[in-house]
Amino acid sequence: MTALLQKTALELADMLAAGELTSVELTRATLDRIERLNPTINAFLHVDAESALETAREVDEKRARGEKVGRLAGIPIAIKDNLVMRGVPTTCGSMMLDGWLPPYDATVVTKVREAGMPIVGKTNMDEFAMGSSTEHSAFGPTRNPWDTERIPGGSGGGSAAAVAAFMVPLALGSDTGGSIRQPGSVTGTVGAKPTYGAVSRYGLIAMASSLDQVGPVARTVADAAALQEVIGGHDPLDSTSLDAPVPAFEDIVRRVGSDLSGLKVGIVEQMSTDGFEPGVRAEFDAAVRRLEEAGAEIVSVSCASFDYALAAYYLIMPAEVSSNMARFDGMRFGLRVEPEDGPLTAERVMAESRGKGFGAEVKRRIILGTHVLSAGHYDAYYASAQKVRTLVQRDLDAAFAKVDVLVTPTSPTTAFKFGEKVGDPMAMYLNDLATIPANLAGIPGISIPCGLSEGLPVGFQVLAPAHRDDLMYEVAAAVEASAGDIPGSCPAKDWKDN
Amino acid sequence: MSSISTDEVARVAALARIALTEEEIERFSHELAVVADAVAAVSEVATPDIPATSHPIPLTNVMREDEVVPCLDPAEFLAQAPASEDGKFLVPQILGEEA
């Protein structure tokens with residue numbers, strides 16, 4: 001690998017701005033590495049070399065003419081395959097959409113294009129973003145660049161692996177229960193879930209609409225912050241989009257110093273018990289001690305509702321899934337399968353298309369969701385889960401009245417081996433234990449690498465109050481800086497070529 | 001909800017319009033029972049005095065001016081349909097399915 005691809009997105013942006021590098025050179029290097037590594041890693045479902053190079057050429061020409069371009073202009077980016085791009089294959093990792101070409105761009109795709117960032121391709125994912133391991137993709141699993149026998153996390157395993165393997169400096173993901181942060185944790189990358197509504201969801205193929213959030217995948221906190229500046233902001237096409245200006249996140253991160261006195265960091269009692277691997281726990285505790293040494297005050301806080309958050313999530317999410325997946329009916333787009341015998345009615349064609357087009361995990365969640373929403377079950381399950389959501393919000397409000405941010409390990413384990421949990425839905429669901437409360441409450445959360453356990457990355461999660469993405473990035477940058485040269489704390493420093 | 005019977009899985013699959021094989025119905029019945037047991041705890045803490053929250057941010061109705069704007073090209077849309085005819089989606093028989 002060239003030293004070039006080990007640089008961060010902002011280092012590369014500085015080189016492009018200084019004329020030391022062209023976007024065409026950088027994009028070619030990126031495409032070459034993808035071509036070499038993708039057969040092993042399977043991070044990309046579709047690579048669009050021609051279009052990426054064309055964008056790169058346009059940006060280089062603009063720069064040559066002295067025109068003003070954006071901060072990340074010319075920096076290649078990969079897009080998770082549940083974000084639509086006009087005329088570019090978008091599958092959501094499902095046979096249901098194999099071969100489908102969307103007729104429009106997601107707002108984040110439009111923003112990335114307007115920023116002059118060459119889009120190199122679409123990344124692999126668990127089918128319709130349902131999973132924690134990218135083993136549920138209809139197009140084969142993505143492999144973790146740290147150990148190809150292990151999962152890269154999910155559902156955004158493709159985006160995380162692409163960034164971790166230095167195929168691309170930046171990527172976009174989506175996070176419904178942790179699908180940006182958990183893959184970040186197990187691949188040693190930085191993944192951020194912004195405040196709900198801070199980034200438009202228009203053109204994100206919905207999984208669970210009240211939980212879904214698009215966000216950045218990067219190798220450093222500053223890179224993620226810079227990318228959120230590009231993709232954030234109000235979008236009239238998304239009725240849940242927040243109408244607030246985007247803070248200068250990159251500047252905020254840049255100002256972070258080594259003195260953290262005055263910062264109150266909360267440790268969640270409910271995330272300090274069993275369920276977390278000893279190696280994960282040890283690296284997390286060491287990172288907390290480093291924050292304390294830098295002057296932060298560590299406070300223990302209780303969020304009793306967190307014990308019920310996972311259960312509430314596994315009622316609300318499938319309920320919304322069952323509703324959102326109804327659009328895949330074999331009538332207007334996507335796969336249509338006709339029954340082999342009997343009458344050719346709409347209902348039978350629909351059932352056959354969905355039976356053949358969806359994989360096991362999607363079917364499991366639609367069935368669970370339809371069950372919990374059906375007559376006689378609604379109040380006991382769905383309505384109760386919505387009440388737990390209120391309790392989670394109240395607990396977080398009370399916690400944030402005492403502390404500035406909350407911290408937890410991002411994922412209870414490091415990357416596990418393929419097949420280890422695929423037949424046990426509850427074991428798989430437990431992976432999202434620490435990430436889910438943020439989605440239920442709509443608050444921002446980020447995962448930062450904080451060390452290695454038995455040679456595999458461990459993630460550190462920072463949660464901030466809603467609308468305080470600036471504070472989330474600030475504290476995350478401090479965690480990153482305190483980790484210094486600890487192996488795995490910044491994979492760009494430690495990566496061995498392969 | 002300590003278990004989900006195969007009949008219930010089959011009933012729900014019919015409601016959700018998903019054709020499942022016997023083997024899938026059997027497997028989901030077991031797997032969903034495990035999940036259902038795990039989530040049953042929520043009704044214990046969800047007492048009547050707690051209001052339900054459906055969304056992380058308060059939702060308001062968003063209105064826009066009623067203006068004609070360019071829409072997606074119907075031909076481009078129909079080109080992605082499983083079947084189309086005369087500028088319309090071509091779908092299987094919907095009315096008189098009993099016939």
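**View 1. Strand 6 of chain A and its partners.** Pro216(A), in strand 6 of chain A, is the bridge partner of Leu172(A). This is a predicted model, and the pairing here is antiparallel: strand 4 (residues 170-174) and strand 6 of chain A are linked by four bridges. Strand 5 (residues 190-193) of chain A also runs antiparallel to strand 6 of chain A, with two bridges joining them. Look for Val190(A) sitting opposite Ala218(A) of strand 6. As for cover, strand 6 (residues 214-218) of chain A has five of its five residues buried.

**View 2. Around Tyr473(A).** Pro216(A) turns up again here, as one of the residues that Tyr473(A) touches. Leaving aside residues up to four places away in sequence, the other contacts of Tyr473(A) include Ala192(A), Val221(A), Phe249(A), Val253(A) and Ile446(A).

**View 3. The largest nonpolar core.** Tyr473(A) is also among the residues with the most contacts inside this core of 150 residues, along with Ile75(A), Met117(A), Phe128(A) and Phe460(A). Helix 10 (residues 306-324) of chain A gives the core its largest share, 12 residues. Another core, of 21 residues, lies apart from it, and Val24(A), Ala161(A), Met167(A) and Ile180(A) are among its members.

View 4. Leu72(B), Phe77(B), Phe89(B), Val91(B), Ile94(B) and Leu95(B) together make a patch of about 540 Å². To find Leu72(B), go to the loop between helix 3 (42-45) and helix 4 (74-78) of chain B. Leu72(B) counts as partly exposed because its relative accessibility is 38%.

Terms used. Residues numbered from 1 in each chain as written. Chains lettered and ligands numbered in written order. Predicted model: local features only at pLDDT ≥ 70, side-chain atom pairs only at ≥ 80, totals over all residues. Heavy atoms only, no water. Patch = residues over 30% accessible without salt bridge, like charges linked within 9 Å, V, L, I, M, F, W, Y side chains within 5 Å. Areas by Shrake-Rupley, 256 points an atom, 1.4 Å probe, with all protein chains shown as cover. Salt bridge = Lys/Arg side-chain N within 4 Å of Asp/Glu carboxyl O. Buried < 20%, exposed > 50% of the residue type's maximum accessible area, 1.4 Å probe, protein only. Core = buried A, V, L, I, M, F, W, Y, C linked by side-chain atoms within 4.5 Å. Contact = heavy atoms within 4.5 Å. Pairing = 2+ DSSP bridges.
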